[in-house]
Amino acid sequence: MAPAALLQRLTWLPAVIAEARAETPQARTLVLDVPGWPGHRAGQHVDVRLTAGDGYQAVRSYSLASAPGEQPAITVARVADGEVSPYLVDVARPGDRVEIRGPVGGYFVWEPAMPYRPVLLVGGGSGVVPLRSILRHHRQSADPTPMRLVYSVRAPELVIYREELQAEHLVYTRTTPPGWPRPAGHIDQGLLREVAWPPVDSPLAYVCGPTAFVEHLSGALLDLGYRAGDIRTERYG
Amino acid sequence: MHVDGNAAAGLLTQVFARDMTGAHGTCGSCGHNGPLAEAVVYGEAAGTVFRCPTCDNVLMTLVEAPGRILARLAGLRWLAVPI
Amino acid sequence: MSVISQGFQGRGRRDDRLPPGQYETHDFPVLSAGPTPYISVDEWQFTIDTEDGARHTWSWQDLMALPKSTPHVDIHCVTRWSKFDTDWEGVSLDVLLEDVESAAEYALVSSYGGYTTNLPLEDLLDGKAWIAYAFDGRPLAPEHGGPARLLVPHLYFWKSAKWVRGIRLLDQDEPGFWETAGYHNYGDPWHEQRYWGD
């Protein structure tokens with residue numbers, strides 16, 4: 001990390017929604033115009049603050065979906081009974097304004113400059129968002145580190161970043177596309193043994209998803225021989 | 001409803017003026033040591049509550065009041081901050 | 001001058017039943033500072049400990065055998081939502097404290113799961129507080145504090161401890177979980193006593 005980044009003064013920055021793109025019936029990517037955006041690292045977060053006409057405010061944390069060097073973007077999945085996500089997924093339009101604070105976070109972050117270690121990305125549901133930032137960054141920087149994504153999703157229509165992730169390992173837990181070689185089910189030890197880098201290569205794993213998913217997967221990776229300190233996790237809900 | 005310390009990165013940076021998700025904390029109750037990113041965080045309460053992922057002990061609370069953030073760190077024995 | 005997000009509705013409108021700085025909500029937000037404890041009524045018990053060390057204990061059956069009240073009240077959460085016309089069922093603290101001999105001035109309420117909150121004993125008396133076990137005619141759900149929670153609606157709702165398990169009567173005030181974390185020791189919504197120093 002650059003020394004200048006050590007002391008970080010955070011302020012709320014005004015942002016304008018530049019572009020809104022439906023990813024699935026439940027998730028939408030919002031590209032943000034943020035004057036003064038300092039740039040971000042792959043896997044970092046941003047806090048989004050909404051203010052209603054009567055002054056009521058709500059703040060939520062979202063993973064950045066775009067790669068470093070690109071405009072900041074978030075992908076938001078609608079949470080049933082949510083307060084902020086239904087607005088961001090269904091209501092907000094290009095030109096609408098929000099405030100953001102960030103980028104923040106330095107734990108669930110990947111840099112091409114890291115020492116050569118193969119990287120396994122494991123995402124469940126919208127847990128794929130920060131992994132997409134990492135994967136995109138990896139591709140754009142033409143980094144030689146072997147990197148692979150395993151993405152667990154309920155059904156084909158819920159796959160976020162569909163085109164971009166075609167070549168990755170998709171695991172469908174409820175419904176598969178027609179003719180899919182693997183029956184619907186959760187990521188298990190057998191599948192991990194096929195796709196995960198062997199522990200002997202000192203791989204680094206990034207696991208993001210709902211709490212139960214992350215607990216299950218980090219447990220499975222430990223069983224496989226991954227070291228606890230080499231598994232970075234991020235849990236929501 | 002809970003998340004983990006990654007989602008509290010903004011608030012932590014507000015308090016400590018640097019990223020703290022990679023800082024390691026030791027639980028004052030069970031002695032578990034791990035990054036704040038892996039603490040269990042209850043954010044939709046009157047304040048933000050960080051709990052030990054092993055024993056649920058409250059490590060830290062952050063309360064956002066007008067013009068200040070009140071940080072109670074009583075549940076942490078140690079905090080190791082990478083530089 | 002803050003940035004308004006077009007079309008973001010927030011929580012709702014203002015009203016003179018609202019304490020300063022509050023917004024009305026029609027749903028019942030769930031705030032939790034920790035995992036929800038699931039306590040069956042068979043294992044549930046409620047205790048009052050006096051400053052002299054005397055302990056009074058009620059089982060669920062004991063509680064159900066006591067005369068019940070049906071408070072109809074407005075509630076105010078320090079996170080700025082207020083909810084009007086809520087209907088509860090429970091036992092008044094006046095009933096529970098009737099045979100408890102105490103000259104204490106303070107109470108420290110504790111919950112299953114470890115939560116605590118403090119208030120002056122007089123705020124629990126004279127029809128101002130209940131051990132509530134039903135909301136809207138139905139048993140209180142675990143996420144709202146079931147099987148039973150304290151209900152002290154004239155103070156901010158963090159004082160209305162969910163999953164209540166006991167009250168200690170004390171000669172000296174002992175701040176609880178949020179009160180030691182930066183929230184006001186008393187918490188009167190009409191005087192907007194949210195934080196230390198308010």
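Directly after helix α1(B), residue A17(B) adopts a positive phi of about 60 degrees. Helices (H or I, at least four residues) and strands (E, at least two) are DSSP runs, numbered from the N terminus. The model is predicted: local features need pLDDT of at least 70, side-chain atom pairs count only at pLDDT 80 or more, and totals for chains, interfaces and linings use all residues. Residues are numbered from 1 along each chain as its sequence is written, while chains are lettered from A and ligands numbered from 1 in the order in which they are written.

**Chain B**

Chain B contains one helix and eight strands, and from the N terminus on its elements follow the order β-α-β-β-β-β-β-β-β. The radius of gyration of chain B is 12 Å, close to the 12 Å that the globule rule gives for 83 residues, so chain B is as compact as a globular protein of that length. This radius is taken over C-alpha atoms, and the globule rule is 2.2 Å times the number of residues to the power 0.38. The C-alpha trace of chain B spans about 35 × 30 × 20 Å along its principal axes.

Of the 83 residues in chain B, 51% are buried. A residue is buried if 20 or more other C-beta atoms lie within 10 Å of its own, exposed if 12 or fewer, and partly exposed in between, with C-beta atoms placed from the backbone. Two residues are in contact if their C-beta atoms, placed from the backbone, lie within 7 Å. Among contacts in chain B between residues at least 6 apart in sequence, 48% join residues at least 24 apart.

An open sheet of five strands in chain B has the order β1-β4-β5-β6-β7, with antiparallel pairing. Its edge strands are β1 and β7 (68–72) of chain B, each of which pairs on one side only. Two strands count as paired if DSSP finds at least two bridges between them. Within this sheet, D4(B) stands opposite V40(B) in β4(B).

**The helix between two sheets**

Helix α1(B) lies across β5 (48–51), β6 (58–65) and β7 of chain B, and runs at about 100 degrees to β7(B). The helix α1(B) also lies across β3, β4 and β6 of chain A, at about 70 degrees to β6(A). Axes are lines fitted to C-alpha atoms, for helices over the stretch in contact, and angles run from 0 to 180 degrees between N-to-C directions. The buried residues of α1(B) are A9(B), G10(B), L11(B), L12(B) and T13(B). Their cover includes β3 (45–51), β4 (57–63) and β6 (97–104) of chain A together with β5 and β6 of chain B.

Chain A is divided into domain 1 (11–104) and domain 2 (119–236), with bounds that come from an automatic or database domain assignment. The C-alpha centres of these two domains of chain A lie 24 Å apart. Their contact takes 15 residues from domain 1 and 14 residues from domain 2 of chain A. On the domain 1 side, β1 (13–24) and β5 (73–77) of chain A each supply at least two residues.

Six strands of chain A form an open antiparallel sheet in the order β4-β3-β6-β1-β2-β5. Strands β4 and β5 of chain A stand at the edges, each with a single partner strand, so one side of each is left without a neighbour in the sheet. The twist averages 40 degrees from one strand to the next.

Chain A also meets chain B, in a contact of 17 residues from chain B and 20 residues from chain A. The largest share of the chain B side, four residues, comes from α1(B). Twelve residues of chain C are in contact with 14 residues of chain A.

Ala, Val, Leu, Ile, Met, Phe, Trp, Tyr, Cys and Pro count as nonpolar, Asp, Glu, Lys and Arg as charged, and the others, Gly among them, as polar.

| Side | Residues by class |
|---|---|
| Domain 1 of chain A, touching domain 2 of chain A | eight nonpolar, six polar and one charged residues |
| Chain B, touching chain A | seven nonpolar, six polar and four charged residues |
| Chain C, touching chain A | four nonpolar, six polar and two charged residues |

**Chain C**

Strands β2 (residues 45–49) and β3 (residues 55–59) of chain C pair in the antiparallel sense over five bridges. They form a hairpin with five residues between them, and G53(C) in the turn has a positive phi of about 90 degrees.
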